[in-house]
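Please keep the sequence and the model at hand while reading.

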Amino acid sequence: MSTEPTPAITVVAAIIRGEDGRICLSKRPDHKHQGGRWEFPGGKVEPGERLDEALARELYEELGMASSLSSPFMTIAHQYPDLHVTLHFRDVTGWRGVPTGREGQQVAWFALSDLADLSFPAANQPVVTAILLPPCLAIVPDTIELNTLLTGIERLDSMQTGLYLRGWSQHPARERILETCRRAGVRVWLRADSPLGMAGGMPEGVFGLHLPASVLMDCSRRPDFSGVVSAACHDQQALDKAVSLGLDSALISPVNPTTTHPDQPALGWERAGQWASGLPLACYMLGGVGPEDICLAREHGAVGVAGIRAFWS
């Protein structure tokens, strides 16, 4: 049996969002690796090239997009049978021109709701999930009053912020809370109370199921839930478990010291970034962070931030 390492490449790929929210994708030629599948446009990074420079070059060569600007979104490392790929995905924030397949490839715009039905290279799948996530996840305090919670939901920017009900997941007023979220268009996570998910099943319209650390470590398989499944990860063992179960997302914490857990050592941004980068998980940074830290979180491999105090005054 051959022990030769598979070739490795570094790729930068673009998340191009139209003003109407649609995503621009291109189709790989049939004769190329993972041919015939839709992908986020981009290509190989040349030696010594900065990621933003490499993406601007690739977008001009492939799609005729000039002067494109981009910022970090997430990084994924993937091992194919014949190739190891590190993909740096970047949000494209500006360009000149109309994206066109300059190399004869098919180019099309897709609504977010269409992405789940498309065939992507395996390395692209985690970012398809990540695109559907809000950049902020507000965790509801256990001690908040119900009326304050309902009023707060109506004030949330549903495009920017999702809601994790945590201690409210089995509250008698849960249906009223969920109905308020549905009217406001807010995506909701509930807390699993066992490796099977939630006692009594998942209510209709819930976006995410979150596994506390203790539940995560007792899981032998991914819970039977068709939405996003996330997990609390405070150490490498938990992250490895989340990956092995094929989960979608992880809350990495604590990034900074917090008043709620003063005895728990903070990871710091560098170590938290080392944990997040390369994983097939859409990671949120949690612990002493707020909406103002989204860019910093993305520079360290996460898709966004989660928190309590920063979202509830």
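## Aromatic pairs

Both W38 and F110 are buried. The model in which they are found is a predicted one. It holds 4 aromatic pairs. In one of them, the ring centres of W38 and F110 are 4.9 Å apart and the ring planes meet at 75°, so this pair is edge-to-face.

F40 lies in the loop between strand 3 and strand 4 (42-44), while F89 is in strand 6 (residues 84-96), so the pair ties together parts that are 49 residues apart in sequence. Are F40 and F89 buried or exposed? F40 has a relative accessible area of 3% and is buried. F89, with a relative accessible area of 2%, is buried as well. Together with F120, F40 and F89 form one aromatic cluster.

| Pair | Distance of centres | Angle of planes |
|---|---|---|
| W38 and F110 | 4.9 Å | 75° |

## Charges over rings

Aromatic rings also meet charged groups. The charged end of R102 sits over the ring of Y60, at 4.8 Å from the ring centre. For R187, the charged end sits over the ring of F207, and the distance to the ring centre is 5.9 Å.

Helix 6 covers residues 236-244, and its buried residues are A238, L239, K241 and A242. Viewed down the helix axis, these buried residues fall within an arc of 160°, so they line one face of helix 6. Which residues are exposed on the other side of helix 6? They are Q237 and S244. The buried residues pack against helix 5 (213-218), strand 12 (228-233), strand 13 (249-252) and helix 7 (268-276).

At its N-terminal end, helix 6 is capped by D235, which has a side-chain oxygen 3.3 Å from the backbone nitrogen of Q237. Just after the helix, G246 has a positive phi of about 70°.

Strand 12 is one of the elements that helix 6 packs against. In this strand, 6 of the 6 residues are buried, so strand 12 is largely enclosed by the rest of the structure. Both of its faces are covered, with V228, S230 and A232 buried on one side and V229, A231 and C233 buried on the other. Strand 11 (residues 208-211) runs parallel to strand 12 and is joined to it by 4 bridges. G208 stands opposite V228 of strand 12.

## Helix 4

In helix 4 (residues 174-184), the buried residues are R174, I177, L178, T180 and C181. They cover an arc of only 155° around the axis, so they are on the same side of helix 4. Their packing partners are helix 3 (146-155), strand 9 (161-164) and strand 10 (188-191). After helix 4 comes G185, with a positive phi near 75°.

## Surroundings of C136

C136 is in strand 8 (residues 136-139). Its relative accessibility is 2%, so C136 counts as buried. What is C136 in contact with, leaving aside its neighbours within four places in sequence? The residues are Q160, T161, G162, Y284, P291, I294, V305 and F311. G97 is 39 residues away from C136 along the chain, and the C-alpha atoms of the two are separated by 31 Å.

## Backbone details

The peptide bond from S253 to P254 is cis, and its omega is near -10°. P254 is found in the loop between strand 13 and helix 7.

S67 has a phi near 55° and is found in strand 5 (residues 66-79). R166 has a phi near 40° and is placed in the loop between strand 9 and helix 4. With a relative accessible area of 23%, R166 is partly exposed.

Technical notes:
Residues numbered from 1 in each chain as written. Predicted model: local features only at pLDDT ≥ 70, side-chain atom pairs only at ≥ 80, totals over all residues. Heavy atoms only, no water. Phe/Tyr/Trp six-rings, centres within 6.5 Å; stacked < 30°, edge-to-face > 60°. Buried < 20%, exposed > 50% of the residue type's maximum accessible area, 1.4 Å probe, protein only. Helix = DSSP H or I, 4+ residues; strand = E, 2+ residues; numbered from the N terminus. Lys NZ or Arg CZ within 6 Å of the ring centre and 35° of its normal. Arc of directions from axis to C-beta. Contact = heavy atoms within 4.5 Å. Polar contact = N/O pair within 3.5 Å; in protein donor to acceptor, adjacent residues only side chain to side chain. Pairing = 2+ DSSP bridges.
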